[in-house]
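Please consult the sequence and coordinates alongside the text.

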Amino acid sequence: MSMKIKTVKLNEIFPYYNNPRDNARAVEPVIESLKKFGFIKPIMVDKDMVIICGHTRYIAAYQAGCEFVPIIVSDMPEEQAKRFDGQFMAGAFRIPRTFNF
């Protein structure tokens, strides 16, 4: 699997509309993180610029008024991409957390 990282306009990438998650509670903490630290982890998209992994970052970037976002363009097969997000984000990664710095 090869990946290319680049920066694109937010309106050049598209959510996967069959994404089963409702991460509405996680959006505000991600917006705060973007304001403090910027993007640490790019949004992963397929060759058609549809999001594979990073829907919450996409929504947070939109709500925060970001014009550009970093992306990783993946060439993984469609069936693998459909399973990837669920496998990659299993467990604690999906749970909004707080940090005490």
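What does the accessible surface of the protein come to, and what percentage belongs to carbon and sulfur atoms? The accessible surface comes to about 7,100 Å², and 56% of it belongs to carbon and sulfur atoms; accessible areas come from the Shrake-Rupley method with a 1.4 Å probe, and for residues only the protein chains shown count as cover.

This is a predicted model, in which local features need pLDDT of at least 70, side-chain atom pairs count only at pLDDT 80 or more, and totals for chains, interfaces and linings use all residues. Residues are numbered from 1 along each chain as its sequence is written, and side-chain values use heavy atoms, with hydrogens and water left out.

**Overall organisation**

- The protein has three helices and four strands, which follow the pattern β-α-β-β-α-β-α along the sequence; helices (H or I, at least four residues) and strands (E, at least two) are DSSP runs numbered from the N terminus.
- Of the 101 residues, 33% count as buried, where buried means under 20% relative accessible area, exposed over 50%, and partly exposed in between (1.4 Å probe, protein chains only).
- Among contacts with a separation of 6 or more, 84% come from residues 24 or more positions apart; contact means heavy atoms within 4.5 Å.

**Nonpolar core**

- The largest nonpolar core has 16 residues, and those with the most contacts inside it are Ile 13, Ile 43, Val 45, Val 69 and Ile 71.
- The elements that give two or more residues to this core are α1, β2, α2 and β4.
- A nonpolar core is here a set of buried Ala, Val, Leu, Ile, Met, Phe, Trp, Tyr and Cys residues joined through side-chain atoms within 4.5 Å.
- Beyond its neighbours within four places in sequence, Ile 71 is in contact with Lys 4, Ile 5, Lys 6, Val 8, Ile 13, Pro 42, Ile 43, Val 45 and Met 49.

**Helix α2 and its packing**

- Helix α2 spans residues 55-64, and its buried residues are His 55, Thr 56, Arg 57, Tyr 58, Ala 60 and Ala 61; they pack against α1 (24-37), β2, β3 and β4 (68-74).
- The axes of α1 and α2 are 8 Å apart and meet at an angle of about 65°; axes are lines fitted to C-alpha atoms, for helices over the stretch in contact, and angles run from 0 to 180 degrees between N-to-C directions.
- α1 is therefore roughly perpendicular to α2, a class that covers 65 to 115 degrees, with under 35 roughly parallel, over 145 roughly antiparallel and the rest oblique.
- On the α1 side the contact includes Ala 26, Val 27 and Val 30, and on the α2 side it includes Thr 56, Ile 59 and Gln 63.
- Gly 65 follows α2 and has a positive phi near 80°.

- Met 49 is in the loop between β2 (43-45) and β3 (51-53), and its phi is near 70°, a positive value in a residue other than glycine.
- Most residues other than glycine have a negative phi.
- Met 49 counts as buried because its relative accessibility is 15%.
- Ile 5 lies in strand β1 (residues 3-9) and counts as exposed because its relative accessibility is 63%.
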